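User: Hi! I'm new to reading protein structures. Could you walk me through this one?

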Amino acid sequence: MKKNMFSIPSVEFFFTMTAVLTSSICVAAPNDLAKKILTEVHHNKVHQALATAQDPYTPILNLWTQDRTATLGALLKTIKSTSIAPETRWRGIQVSARISGSASTGVLKEMLTDKHWMIRDGAIKAAAKIGALPLVGDLEKSLRDPSLIVRTTAVQALTDLKSIKSAPKILEALFNPENYVSGKPLWIHRYIQQSIRHLNFK
């Protein structure tokens, strides 16, 4: 007798399909879980190096040679996390820029507007080290940052980048009232004067 192709599947069919699906899930789930665990372990190693190593660049570079994607992902996660100590984030910015070079320009631009002055300072320093000329306009804005340290770092960075076109903005900083206390110039003036001499602009 010919079977109807639309007949109700047998109990054996359901058991067979259940076994196949269960087997597939059991194979896939451990792989996904293992990948998640390995990524988390990698992140913890990166964070540990940034938080405790005297020079975090070497251990993180070793991790980068093992897994570039996981290492850069861990660095970005650390840099952008406001729950992590700013000192650790600052070091993460320096290491990330050193490893990624010009590819880190985007994240540096983002960090230039971070709420914490130390992160903005770190982004400026890193931008100068990698020669991030596309960020010159952003660094000029940093000349009027609320933090004196950040403003001073911006002067140094624009000088290191030999940004002659930034001369008017640097000169303006001489007359910024925030760079004076009781009519006396703060130490940023010394760096502005050095910048003027170094760049030899008028």
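User: How many aromatic pairs does the structure hold?

Analyst: Quick background: this is a predicted model, where local features need pLDDT of at least 70, side-chain atom pairs count only at pLDDT 80 or more, and totals for chains, interfaces and linings use all residues. Residues are numbered from 1 along each chain as its sequence is written, and side-chain values use heavy atoms, with hydrogens and water left out. Rings of Phe, Tyr and Trp (its six-membered ring) pair up if their centres lie within 6.5 Å. By that rule, the number of aromatic pairs here is 1.

User: What type of pair do Trp187 and Tyr191 make?

Analyst: Planes under 30 degrees apart count as stacked, over 60 as edge-to-face, and the rest as tilted. The ring centres of Trp187 and Tyr191 are 6.5 Å apart and the planes sit at 75°, so the pair is edge-to-face.

User: Is Trp187 buried, partly exposed or exposed, and why?

Analyst: Buried means under 20% relative accessible area, exposed means over 50%, and partly exposed is in between (1.4 Å probe, protein chains only). Trp187 has 38% relative accessibility, so it counts as partly exposed.

User: Which ring does the charged end of Arg98 sit over?

Analyst: For a charge to sit over a ring, NZ of Lys or CZ of Arg must be within 6 Å of the ring centre and within 35 degrees of the ring normal. The charged end of Arg98 is 3.6 Å from the centre of its ring, and that ring belongs to Tyr57.

User: How many residues are in the largest nonpolar core?

Analyst: A nonpolar core is a set of buried Ala, Val, Leu, Ile, Met, Phe, Trp, Tyr and Cys residues joined through side-chain atoms within 4.5 Å. In the largest one, Ile93, Leu108, Met111, Ile124, Leu139 and Ile192 touch the most other members, and the core's total is 31 residues.

User: How many of the 13 residues of H8 are buried?

Analyst: Helices (H or I, at least four residues) are DSSP runs, numbered from the N terminus. The buried residues of H8 include Leu148, Val150 and Arg151, and their cover includes H6, H7, helix H9 (167-172) and H10. H8 is largely enclosed by the rest of the structure, because its buried residues number 10.

Technical notes: Helix = DSSP H or I, 4+ residues; strand = E, 2+ residues; numbered from the N terminus. Contact = heavy atoms within 4.5 Å.
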